[in-house]
Amino acid sequence: MADRTIEGWAPWHPKHGFLDGFMSATWFSPDLDEIARRVREMNQDEGTNNRNGWRAVKVLVSIA
C-alpha cells in the first residue's frame, strides 16, 4: 500500500503544542471552519486569543 499525505488543520498552542489538557490526541480536520470553531472554544475556556493561545495551523498528515 502506498503512503498518502493529507493536508488539513489542527489547533496548536505555543505552550501546549498540539495537545490540550483534556485530550490524549489532537484534533485534525481538512475543514478549517471546524477547527476554527474548536480554537475559539478552547481560547474562550482559557481566556486567551489566537495571538497568545490556541490557533489553527495547517498540517500534513502521512498515512502509511
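A salt bridge, as the term is used here, is a side-chain nitrogen of Lys or Arg within 4 Å of a carboxyl oxygen of Asp or Glu. The idea behind it is simple: side chains of opposite charge can pair when their charged atoms come close. Keep in mind that what you're looking at is a predicted model. Going by that rule, the count comes to two salt bridges, so let's take them in turn.

Start with Lys58 and Glu7, whose side chains meet at 3.6 Å, N to O. Find Glu7 in strand β1 (residues 4–12) and Lys58 in strand β2 (residues 55–63); the pair therefore ties together parts that are 51 residues apart in sequence. As for Glu7, its relative accessible area is 48%, so it is partly exposed.

Now hop over to the other pair, Glu41 and Arg38, where the side chains meet at 3.7 Å, N to O. Here both partners lie in helix α1, three residues apart, which is about one turn of the helix.

Helix α1 covers residues 32–46, and Asn43 is found in it. With a relative accessibility of 6%, Asn43 counts as buried too. So what is Asn43 in contact with, leaving aside its neighbours within four places in sequence? The residues to look for are Thr48, Asn49, Asn50, Gly53 and Trp54.

Technical notes: Residues are numbered from 1 along each chain as its sequence is written. This is a predicted model: local features need pLDDT of at least 70, side-chain atom pairs count only at pLDDT 80 or more; totals for chains, interfaces and linings use all residues. Side-chain values use heavy atoms; hydrogens and water are left out. Helices (H or I, at least four residues) and strands (E, at least two) are DSSP runs, numbered from the N terminus. Buried means under 20% relative accessible area, exposed over 50%, partly exposed in between (1.4 Å probe, protein chains only). Contact means heavy atoms within 4.5 Å.
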